[in-house]
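This report describes selected local features of one protein chain. It treats backbone geometry, helices, pockets and aromatic pairs in turn.

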Amino acid sequence: IREHKGKLEGLTMCYIGDGNNMANSLIVGGLKVGMHVHIACPDGYHPDPSVMAFAAEYPDHFMLTDKPMEAAKDADVVITDCWTSMGQEEEKKTREIAFADYQVNKELMAVAKPDAMVQHCLPAYREQEITTEIFEAHADEIFDEAENRLHAQKAVMVALMERK
């Protein structure tokens with residue numbers, strides 16, 4: 001995000017989807033660096049209670065809603081993730097129903113800022129959590145995120161291999 005926006009503090013980051021590990025990390029990280037964090041997820045898929053307790057310390061910078069359009073309003077960054085993560089395959093049909101209204105699409109992006117960027121941790125399932133149109137329009141930003149994650153993972157591997 002900093003690579004594309006030049007800063008983090010003061011930006012509004014919106015996450016649309018499951019209140020799982022991605023949402024939990026984005027809430028803590030975003031709030032710690034001074035971002036406004038908006039999370040939209042359906043009932044039953046909220047972030048971890050300990051993360052919600054942390055976010056309660058930032059009432060002017062945090063929003064949890066079940067309305068994606070409300071979360072995306074005036075966002076500088078819109079982030080999503082797949083609806084069904086590894087190990088949840090048996091929940092696929094249930095999740096497709098629960099998340100049907102949680103798609104990053106042209107209508108949702110219309111309420112974000114005109115220069116809003118999009119992030120997705122991949123793999124992306126086009127026409128589910130993100131439309132092909134939005135994915136392709138923001139592919140450079142999405143693949144920059146993947147590239148940065150690769151370098152971070154390599155650094156972790158080096159650190160672990162150097163341990164004796």
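## Backbone geometry in a loop

At 48% relative accessibility, Glu127 falls between the limits of 20% and 50% and therefore counts as partly exposed. The model is a predicted one. Glu127 is located in the loop between E5 and H7, and its phi is near 75 degrees, a positive value in a residue other than glycine.

Leu122 also belongs to the loop between E5 and H7. Although Leu122 is not a glycine, its phi is positive, at about 70 degrees. With 23% relative accessibility, Leu122 counts as partly exposed. Leu122 is joined to Pro123 by a cis peptide bond, with omega about 0 degrees, and Pro123 is likewise placed in the loop between E5 and H7. As a general rule, most residues other than glycine have a negative phi, and most peptide bonds are trans.

How far apart are the end C-alpha atoms of H2? They are separated by 17 Å, which agrees with the 16 Å that its 12 residues should span at 1.5 Å a residue. The buried residues of H2 are Met22, Ala23, Asn24, Leu26, Ile27, Gly30 and Leu31.

Lys32 is part of helix H2, which covers residues 21-32. Its relative accessible area is 60%, so Lys32 is exposed. The C-alpha atom of Lys32 is 9.8 Å from that of Ala55, a residue 23 positions away along the chain.

H8 contains 24 residues, and the distance from its first C-alpha to its last is 35 Å, close to the 34 Å expected at 1.5 Å a residue. Its buried residues are Ala139, Glu141, Ile142, Asp144 and Glu145. The partners against which the buried residues of H8 pack are H1, E5 and helix H7 (132-137).

The largest pocket holds about 580 Å³ of space. It is lined by 22 residues, of which Ile1, Leu26, Ile79, Gln119 and Glu145 are the closest to its centre. Two or more lining residues come from each of helix H1 (2-5), H2, strand E5 (117-120) and helix H8 (139-162). Leu26, one of the residues closest to the centre of this pocket, is among the buried residues of H2; Glu145, also one of the closest, is among the buried residues of H8.

The second largest pocket has a volume of about 330 Å³. Among its 16 lining residues, those closest to the centre are Cys82, Thr84, Ser85, Met86 and Tyr125. The elements that contribute two or more residues to this lining are H2 and helix H5 (92-98).

By residue class, the lining of the largest pocket consists of 10 nonpolar, six polar and six charged residues. The lining of the second largest pocket comprises seven nonpolar, five polar and four charged residues.

## Aromatic pairs

Five aromatic pairs are found in a search of the whole structure. Two of them are set out below.

| Ring pair | Distance between centres | Angle between planes | Arrangement |
|---|---|---|---|
| Phe54 and Tyr58 | 5.2 Å | 45 degrees | tilted |
| Phe99 and Tyr102 | 6.1 Å | 75 degrees | edge-to-face |

Methods:
Residues are numbered from 1 along each chain as its sequence is written. This is a predicted model: local features need pLDDT of at least 70, side-chain atom pairs count only at pLDDT 80 or more; totals for chains, interfaces and linings use all residues. Side-chain values use heavy atoms; hydrogens and water are left out. Rings of Phe, Tyr and Trp (its six-membered ring) pair if their centres lie within 6.5 Å; planes under 30 degrees apart count as stacked, over 60 as edge-to-face and the rest as tilted. Helices (H or I, at least four residues) and strands (E, at least two) are DSSP runs, numbered from the N terminus. Buried means under 20% relative accessible area, exposed over 50%, partly exposed in between (1.4 Å probe, protein chains only). On a 1 Å grid over the protein atoms alone, a cavity is a set of points where a 1.4 Å probe fits but cannot get out, and a pocket is an open set with protein on both sides within 12 Å along at least five of seven lines; lining residues have an atom within 4 Å of a point. Grid points are joined across faces, edges and corners, and a volume is the space filled by probe spheres set on the points. Ala, Val, Leu, Ile, Met, Phe, Trp, Tyr, Cys and Pro count as nonpolar, Asp, Glu, Lys and Arg as charged, and the others, Gly among them, as polar. The expected span of a helix is 1.5 Å times one less than its number of residues. Contact means heavy atoms within 4.5 Å.
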